[in-house]
Amino acid sequence: MEKIMEYILEQTKKLLAIDSPAGYTQKAADYLMEEYRSLGYQPVETVKGGVLVEIGGQDSQNGILLEAHTDTLGAMVCEVKSNGRLKVSPLGGLEPCNTEAENCRVITKFDGVYEGTFQLENASVHVNGEYSEKKRSFDTMEVVLDEKVSSAEETKKLGIMTGDIVAFEPRTVITEKGYIKSRFLDDKLSVGILLGFAKFLKEEHITTQRKIYQHITVYEEVGHGASGTVPEGVTEILSVDMGCVGEGLDCTEHQVSICVKDSVGPYSYSVVEDLVKAAKEHKVDFALDVYPHYGSDADAALKAGYDCRHGLIGAGVYASHGYERSHVDGVRATLDLLKAYLTGKS
(Lines give C-alpha, C1' and ligand atoms only; values in the text may rest on other atoms or scores of the structure.)
Protein backbone atom coordinates (compact mmCIF):
# COMPACT_ATOMS: atom_id res chain seq x y z
CA MET A 1 0.00 0.00 0.00
CA GLU A 2 2.95 2.34 0.38
CA LYS A 3 3.25 2.53 -3.41
CA ILE A 4 -0.39 3.60 -3.60
CA MET A 5 0.22 6.25 -0.93
CA GLU A 6 3.23 7.55 -2.85
CA TYR A 7 1.10 7.67 -5.99
CA ILE A 8 -1.65 9.63 -4.19
CA LEU A 9 0.79 12.23 -2.92
CA GLU A 10 2.48 12.50 -6.33
CA GLN A 11 -0.85 13.01 -8.09
CA THR A 12 -2.00 15.52 -5.48
CA LYS A 13 1.14 17.61 -5.99
CA LYS A 14 0.75 17.49 -9.77
CA LEU A 15 -2.90 18.55 -9.57
CA LEU A 16 -2.12 21.37 -7.13
CA ALA A 17 0.40 22.70 -9.65
CA ILE A 18 -2.37 23.09 -12.26
CA ASP A 19 -4.33 26.32 -11.80
CA SER A 20 -8.04 25.48 -11.79
CA PRO A 21 -10.26 28.07 -10.11
CA ALA A 22 -13.96 27.36 -10.62
CA GLY A 23 -14.80 28.19 -14.23
CA TYR A 24 -11.24 27.60 -15.47
CA THR A 25 -10.70 23.86 -15.11
CA GLN A 26 -10.02 22.49 -18.59
CA LYS A 27 -6.30 21.87 -18.04
CA ALA A 28 -6.97 19.94 -14.84
CA ALA A 29 -9.69 17.90 -16.58
CA ASP A 30 -7.34 17.15 -19.49
CA TYR A 31 -4.70 15.93 -17.05
CA LEU A 32 -7.20 13.67 -15.27
CA MET A 33 -8.49 12.20 -18.52
CA GLU A 34 -4.96 11.17 -19.44
CA GLU A 35 -4.19 9.82 -15.97
CA TYR A 36 -7.31 7.63 -15.87
CA ARG A 37 -6.44 6.32 -19.33
CA SER A 38 -2.92 5.49 -18.13
CA LEU A 39 -4.50 3.42 -15.34
CA GLY A 40 -6.46 1.43 -17.91
CA TYR A 41 -9.86 3.11 -17.59
CA GLN A 42 -12.05 4.84 -20.15
CA PRO A 43 -13.05 8.23 -18.75
CA VAL A 44 -15.46 10.59 -20.45
CA GLU A 45 -15.56 14.35 -20.18
CA THR A 46 -18.98 15.68 -19.31
CA VAL A 47 -20.52 18.58 -21.19
CA LYS A 48 -20.02 20.62 -18.04
CA GLY A 49 -16.30 19.84 -18.08
CA GLY A 50 -16.01 17.23 -15.34
CA VAL A 51 -14.49 13.76 -15.63
CA LEU A 52 -16.68 10.67 -15.23
CA VAL A 53 -15.25 7.15 -15.18
CA GLU A 54 -16.56 3.69 -14.41
CA ILE A 55 -13.98 1.80 -12.34
CA GLY A 56 -15.67 -1.60 -12.21
CA GLY A 57 -18.11 -3.68 -10.19
CA GLN A 58 -21.02 -5.99 -10.87
CA ASP A 59 -24.41 -4.73 -9.65
CA SER A 60 -25.27 -1.88 -12.01
CA GLN A 61 -28.70 -1.37 -10.39
CA ASN A 62 -27.17 -0.56 -7.00
CA GLY A 63 -24.25 1.55 -8.12
CA ILE A 64 -22.29 4.05 -6.08
CA LEU A 65 -20.89 7.35 -7.35
CA LEU A 66 -17.76 8.66 -5.66
CA GLU A 67 -17.33 12.39 -6.12
CA ALA A 68 -14.47 14.79 -5.56
CA HIS A 69 -13.81 18.17 -7.17
CA THR A 70 -10.81 19.67 -8.90
CA ASP A 71 -12.09 23.25 -9.05
CA THR A 72 -10.65 25.57 -6.41
CA LEU A 73 -11.11 29.01 -4.98
CA GLY A 74 -9.78 31.89 -7.02
CA ALA A 75 -10.83 35.26 -8.38
CA MET A 76 -11.83 37.08 -11.53
CA VAL A 77 -10.83 40.52 -12.72
CA CYS A 78 -13.84 42.82 -12.39
CA GLU A 79 -12.15 46.18 -12.97
CA VAL A 80 -8.91 47.55 -14.34
CA LYS A 81 -8.31 50.46 -11.98
CA SER A 82 -7.07 53.89 -12.97
CA ASN A 83 -3.68 53.15 -11.37
CA GLY A 84 -3.25 50.04 -13.55
CA ARG A 85 -3.96 47.62 -10.74
CA LEU A 86 -6.80 45.12 -10.66
CA LYS A 87 -9.94 44.86 -8.60
CA VAL A 88 -11.15 41.27 -8.34
CA SER A 89 -14.32 39.37 -7.54
CA PRO A 90 -14.02 36.06 -5.67
CA LEU A 91 -14.70 32.66 -7.21
CA GLY A 92 -16.20 30.55 -4.43
CA GLY A 93 -15.62 31.29 -0.77
CA LEU A 94 -12.27 33.04 -1.12
CA GLU A 95 -11.52 35.28 1.86
CA PRO A 96 -9.46 38.41 1.12
CA CYS A 97 -7.68 38.25 4.48
CA ASN A 98 -6.54 34.68 3.70
CA THR A 99 -4.91 35.70 0.44
CA GLU A 100 -3.30 38.99 1.44
CA ALA A 101 0.27 39.27 0.14
CA GLU A 102 -0.07 36.03 -1.82
CA ASN A 103 1.50 35.71 -5.25
CA CYS A 104 -0.96 35.14 -8.06
CA ARG A 105 -1.27 34.68 -11.79
CA VAL A 106 -3.59 36.64 -14.07
CA ILE A 107 -4.63 34.34 -16.91
CA THR A 108 -5.75 36.33 -19.91
CA LYS A 109 -7.94 35.03 -22.69
CA PHE A 110 -5.55 35.71 -25.55
CA ASP A 111 -2.34 37.30 -24.25
CA GLY A 112 -0.70 34.86 -21.86
CA VAL A 113 -0.22 34.89 -18.10
CA TYR A 114 0.98 37.77 -15.93
CA GLU A 115 2.42 37.54 -12.42
CA GLY A 116 1.28 39.69 -9.54
CA THR A 117 0.58 39.93 -5.81
CA PHE A 118 -2.71 40.45 -3.99
CA GLN A 119 -2.19 43.37 -1.62
CA LEU A 120 -4.01 45.86 0.55
CA GLU A 121 -4.24 49.24 -1.14
CA ASN A 122 -1.29 51.41 -0.02
CA ALA A 123 0.35 48.32 1.44
CA SER A 124 3.55 49.86 2.84
CA VAL A 125 3.43 50.01 6.65
CA HIS A 126 5.95 52.86 6.63
CA VAL A 127 3.54 54.94 4.56
CA ASN A 128 0.06 53.83 5.59
CA GLY A 129 -0.71 54.92 9.16
CA GLU A 130 -4.02 53.01 9.06
CA TYR A 131 -2.52 49.73 7.85
CA SER A 132 -3.49 47.73 10.95
CA GLU A 133 -6.99 49.15 11.22
CA LYS A 134 -7.94 48.91 7.56
CA LYS A 135 -10.59 46.28 6.86
CA ARG A 136 -9.50 43.65 4.36
CA SER A 137 -12.14 43.29 1.66
CA PHE A 138 -12.32 42.98 -2.10
CA ASP A 139 -13.02 46.73 -2.18
CA THR A 140 -9.83 47.59 -0.27
CA MET A 141 -7.45 45.10 -1.89
CA GLU A 142 -5.97 44.83 -5.36
CA VAL A 143 -3.71 42.79 -7.60
CA VAL A 144 -0.42 44.59 -8.09
CA LEU A 145 1.00 43.40 -11.40
CA ASP A 146 4.68 42.59 -11.86
CA GLU A 147 4.66 44.88 -14.87
CA LYS A 148 5.69 48.49 -15.36
CA VAL A 149 2.17 49.91 -15.51
CA SER A 150 0.59 52.89 -13.76
CA SER A 151 -2.65 53.47 -15.67
CA ALA A 152 -5.65 51.51 -16.87
CA GLU A 153 -4.60 52.12 -20.45
CA GLU A 154 -1.16 50.57 -19.93
CA THR A 155 -2.61 47.50 -18.24
CA LYS A 156 -5.24 47.02 -20.93
CA LYS A 157 -2.51 47.14 -23.58
CA LEU A 158 -1.12 43.96 -22.01
CA GLY A 159 -4.37 42.23 -22.97
CA ILE A 160 -5.79 42.14 -19.44
CA MET A 161 -9.53 42.65 -19.26
CA THR A 162 -12.58 42.06 -17.13
CA GLY A 163 -13.31 38.35 -16.81
CA ASP A 164 -9.69 37.20 -16.72
CA ILE A 165 -8.95 34.52 -14.13
CA VAL A 166 -6.78 35.16 -11.08
CA ALA A 167 -5.15 32.00 -9.68
CA PHE A 168 -3.29 32.04 -6.37
CA GLU A 169 -0.03 30.26 -5.62
CA PRO A 170 -0.76 26.99 -3.75
CA ARG A 171 2.62 26.81 -1.95
CA THR A 172 2.56 23.03 -1.62
CA VAL A 173 4.85 21.46 0.99
CA ILE A 174 5.00 17.92 2.39
CA THR A 175 7.09 17.87 5.55
CA GLU A 176 9.35 15.12 6.88
CA LYS A 177 6.75 14.43 9.58
CA GLY A 178 4.08 13.79 6.96
CA TYR A 179 2.13 17.04 7.12
CA ILE A 180 0.68 18.19 3.80
CA LYS A 181 0.43 21.97 3.57
CA SER A 182 -1.05 23.81 0.62
CA ARG A 183 -3.86 25.95 -0.63
CA PHE A 184 -6.58 23.93 -2.35
CA LEU A 185 -6.18 20.62 -0.54
CA ASP A 186 -9.93 21.15 -0.72
CA ASP A 187 -10.37 19.14 -2.80
CA LYS A 188 -7.36 18.08 -4.86
CA LEU A 189 -6.17 15.89 -2.01
CA SER A 190 -9.35 13.85 -2.37
CA VAL A 191 -8.97 13.68 -6.15
CA GLY A 192 -5.56 12.16 -5.49
CA ILE A 193 -7.18 9.67 -3.10
CA LEU A 194 -9.79 8.65 -5.69
CA LEU A 195 -7.05 8.12 -8.27
CA GLY A 196 -5.21 5.99 -5.73
CA PHE A 197 -8.34 3.92 -5.06
CA ALA A 198 -8.84 3.40 -8.80
CA LYS A 199 -5.20 2.31 -9.13
CA PHE A 200 -5.62 -0.09 -6.19
CA LEU A 201 -8.64 -1.81 -7.77
CA LYS A 202 -6.86 -2.17 -11.10
CA GLU A 203 -3.56 -3.48 -9.75
CA GLU A 204 -5.18 -5.91 -7.31
CA HIS A 205 -7.65 -7.13 -9.97
CA ILE A 206 -10.59 -6.50 -7.63
CA THR A 207 -14.15 -6.67 -8.92
CA THR A 208 -16.50 -5.11 -6.38
CA GLN A 209 -20.04 -6.28 -5.78
CA ARG A 210 -21.46 -2.86 -6.61
CA LYS A 211 -20.78 -0.89 -9.77
CA ILE A 212 -18.51 2.03 -8.87
CA TYR A 213 -18.19 5.32 -10.71
CA GLN A 214 -15.96 8.29 -10.00
CA HIS A 215 -16.96 11.82 -10.94
CA ILE A 216 -14.41 14.62 -10.64
CA THR A 217 -16.56 17.74 -10.68
CA VAL A 218 -15.58 21.27 -11.66
CA TYR A 219 -18.11 23.66 -10.11
CA GLU A 220 -18.30 22.47 -6.49
CA GLU A 221 -16.90 25.68 -5.04
CA VAL A 222 -19.80 27.65 -6.52
CA GLY A 223 -22.47 25.15 -5.52
CA HIS A 224 -23.53 23.14 -8.56
CA GLY A 225 -20.64 20.78 -9.26
CA ALA A 226 -22.63 17.54 -9.02
CA SER A 227 -26.09 18.79 -9.89
CA GLY A 228 -25.91 16.67 -13.06
CA THR A 229 -24.24 13.56 -14.50
CA VAL A 230 -25.38 10.77 -12.19
CA PRO A 231 -25.22 7.48 -14.14
CA GLU A 232 -28.29 5.30 -14.44
CA GLY A 233 -28.53 2.70 -11.70
CA VAL A 234 -26.67 4.75 -9.07
CA THR A 235 -28.45 4.56 -5.72
CA GLU A 236 -25.77 6.16 -3.54
CA ILE A 237 -23.55 9.22 -3.84
CA LEU A 238 -20.50 9.51 -1.60
CA SER A 239 -18.66 12.81 -1.64
CA VAL A 240 -14.97 12.46 -0.84
CA ASP A 241 -14.12 15.99 0.17
CA MET A 242 -12.16 17.60 2.98
CA GLY A 243 -12.94 16.66 6.58
CA CYS A 244 -13.29 19.70 8.81
CA VAL A 245 -10.87 20.31 11.68
CA GLY A 246 -11.64 23.05 14.20
CA GLU A 247 -13.16 24.03 17.52
CA GLY A 248 -16.11 21.88 18.57
CA LEU A 249 -15.20 19.06 16.16
CA ASP A 250 -13.48 15.77 16.96
CA CYS A 251 -11.57 15.18 13.73
CA THR A 252 -7.84 15.81 13.41
CA GLU A 253 -5.60 15.84 10.36
CA HIS A 254 -4.63 12.26 11.23
CA GLN A 255 -8.12 10.81 10.74
CA VAL A 256 -10.88 10.38 8.20
CA SER A 257 -13.97 12.38 9.05
CA ILE A 258 -17.44 10.96 8.49
CA CYS A 259 -19.87 13.86 8.31
CA VAL A 260 -23.28 13.20 9.84
CA LYS A 261 -24.77 16.63 9.04
CA ASP A 262 -23.73 19.83 7.32
CA SER A 263 -25.41 23.20 6.76
CA VAL A 264 -27.81 21.62 4.25
CA GLY A 265 -29.00 18.85 6.53
CA PRO A 266 -28.31 15.30 7.71
CA TYR A 267 -26.64 12.69 5.55
CA SER A 268 -28.32 9.36 4.96
CA TYR A 269 -28.47 7.56 8.29
CA SER A 270 -27.98 4.16 6.67
CA VAL A 271 -24.90 5.35 4.75
CA VAL A 272 -23.35 6.86 7.87
CA GLU A 273 -24.14 3.69 9.82
CA ASP A 274 -22.51 1.47 7.18
CA LEU A 275 -19.44 3.72 6.98
CA VAL A 276 -18.98 3.60 10.75
CA LYS A 277 -19.46 -0.17 10.77
CA ALA A 278 -16.82 -0.62 8.06
CA ALA A 279 -14.40 1.71 9.87
CA LYS A 280 -14.80 -0.16 13.16
CA GLU A 281 -14.51 -3.61 11.62
CA HIS A 282 -11.31 -2.69 9.79
CA LYS A 283 -9.83 -0.53 12.58
CA VAL A 284 -9.80 2.69 10.53
CA ASP A 285 -9.13 5.82 12.60
CA PHE A 286 -12.23 7.99 12.11
CA ALA A 287 -14.26 10.78 13.68
CA LEU A 288 -17.94 11.72 13.42
CA ASP A 289 -18.72 15.40 13.08
CA VAL A 290 -21.35 18.01 12.22
CA TYR A 291 -20.03 20.67 9.83
CA PRO A 292 -21.70 24.03 10.59
CA HIS A 293 -20.74 25.90 7.39
CA TYR A 294 -20.47 23.35 4.60
CA GLY A 295 -22.17 22.01 1.50
CA SER A 296 -21.03 19.10 -0.66
CA ASP A 297 -21.38 17.69 -4.15
CA ALA A 298 -23.68 15.03 -2.69
CA ASP A 299 -25.94 17.81 -1.40
CA ALA A 300 -25.95 19.41 -4.86
CA ALA A 301 -26.99 16.16 -6.51
CA LEU A 302 -29.90 15.63 -4.14
CA LYS A 303 -31.00 19.24 -4.53
CA ALA A 304 -31.03 18.64 -8.28
CA GLY A 305 -33.61 15.90 -7.72
CA TYR A 306 -31.64 12.65 -7.83
CA ASP A 307 -33.21 9.86 -5.80
CA CYS A 308 -30.12 8.55 -4.00
CA ARG A 309 -28.74 7.95 -0.55
CA HIS A 310 -25.81 10.22 0.24
CA GLY A 311 -22.75 10.51 2.44
CA LEU A 312 -19.60 12.57 2.96
CA ILE A 313 -16.11 11.58 4.10
CA GLY A 314 -12.68 13.13 3.85
CA ALA A 315 -9.23 13.41 5.32
CA GLY A 316 -9.08 15.95 8.14
CA VAL A 317 -8.01 19.39 6.87
CA TYR A 318 -7.23 22.35 9.13
CA ALA A 319 -7.58 26.02 8.12
CA SER A 320 -10.07 25.31 5.33
CA HIS A 321 -10.23 27.86 2.51
CA GLY A 322 -6.94 29.30 3.74
CA TYR A 323 -3.45 27.82 3.81
CA GLU A 324 -4.66 24.33 4.58
CA ARG A 325 -2.98 21.44 6.38
CA SER A 326 -3.59 17.70 6.43
CA HIS A 327 -1.43 14.63 7.11
CA VAL A 328 -0.57 11.40 5.36
CA ASP A 329 -2.31 9.58 8.23
CA GLY A 330 -5.61 11.17 7.26
CA VAL A 331 -5.03 10.31 3.62
CA ARG A 332 -4.31 6.70 4.51
CA ALA A 333 -7.39 6.52 6.76
CA THR A 334 -9.60 7.84 3.96
CA LEU A 335 -8.21 5.33 1.47
CA ASP A 336 -8.61 2.54 4.04
CA LEU A 337 -12.24 3.51 4.65
CA LEU A 338 -12.99 3.40 0.92
CA LYS A 339 -11.36 -0.02 0.70
CA ALA A 340 -13.24 -1.33 3.74
CA TYR A 341 -16.59 0.12 2.67
CA LEU A 342 -16.48 -0.87 -0.98
CA THR A 343 -14.31 -4.00 -1.10
CA GLY A 344 -14.41 -5.40 2.44
CA LYS A 345 -10.61 -5.40 2.49
CA SER A 346 -8.21 -3.74 4.92
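# Reading the labels

Guide: Ala 101 sits in the loop between E5 and E6. Helices (H or I, at least four residues) and strands (E, at least two) are DSSP runs, numbered from the N terminus. This is a predicted model, where local features need pLDDT of at least 70, side-chain atom pairs count only at pLDDT 80 or more, and totals for chains, interfaces and linings use all residues. Residues are numbered from 1 along each chain as its sequence is written, and side-chain values use heavy atoms, leaving out hydrogens and water.

Visitor: Why is Ala 101 called partly exposed?

Guide: Its relative accessible area is 46%. Buried means under 20%, exposed over 50%, and partly exposed in between (1.4 Å probe, protein chains only). The value of 46% falls in between, so Ala 101 is partly exposed.

Visitor: What is phi of Ala 101 near?

Guide: Phi is near 70° there, a positive value in a residue other than glycine. His 205 also has a positive phi, near 55°. His 205 is found in the loop between H4 and strand E12 (210-217).

Visitor: Why does His 205 count as exposed?

Guide: His 205 has 72% relative accessibility. That is over 50%, so His 205 is exposed.

Visitor: What makes Glu 102 buried?

Guide: Its relative accessible area is 5%. That is under 20%, so Glu 102 is buried. Glu 102 belongs to strand E6 (residues 102-107). Beyond neighbours within four places in sequence, Glu 102 contacts residues including Phe 118, Phe 168 and Arg 183. Contact means heavy atoms within 4.5 Å.

Visitor: And Ser 89, why is that called partly exposed?

Guide: Ser 89 stands at 32% relative accessible area. Ser 89 is part of strand E5 (residues 86-91). With neighbours within four places set aside, Ser 89 contacts Ala 75, Met 76 and Cys 78.

Visitor: How many aromatic pairs does a search of the whole structure find?

Guide: The search finds 4.

Visitor: Why is the pair of Tyr 291 and Tyr 294 called tilted?

Guide: Their ring centres are 4.7 Å apart and their planes meet at 50°. Rings of Phe, Tyr and Trp (its six-membered ring) pair if their centres lie within 6.5 Å; planes under 30 degrees apart are stacked, over 60 edge-to-face, the rest tilted. The angle of 50° belongs with the rest, so the pair is tilted. Both Tyr 291 and Tyr 294 are buried. Elsewhere, Phe 118, Phe 138 and Phe 168 form one aromatic cluster.

Visitor: How do you know that Arg 136 lies over the face of Tyr 131?

Guide: Arg 136 is 4.7 Å from the ring centre. A charge sits over a ring if NZ of Lys or CZ of Arg is within 6 Å of the ring centre and within 35 degrees of the ring normal. The charged end of Lys 339 likewise sits over the ring of Phe 200, at 5.1 Å from its centre.

Visitor: Which residues touch the most other members of the largest nonpolar core?

Guide: Phe 197 and Leu 338 do, in a core of 96 residues. Helix H4 (residues 185-203) gives the largest share, 10 residues. Leu 338 touches Ile 193, Leu 194 and Phe 197, among others. Such a core is a set of buried Ala, Val, Leu, Ile, Met, Phe, Trp, Tyr and Cys residues joined through side-chain atoms within 4.5 Å.

Visitor: Which residues are joined by a cis peptide bond?

Guide: Asp 186 and Asp 187 are, with omega about 10°. Asp 187 lies in helix H4.
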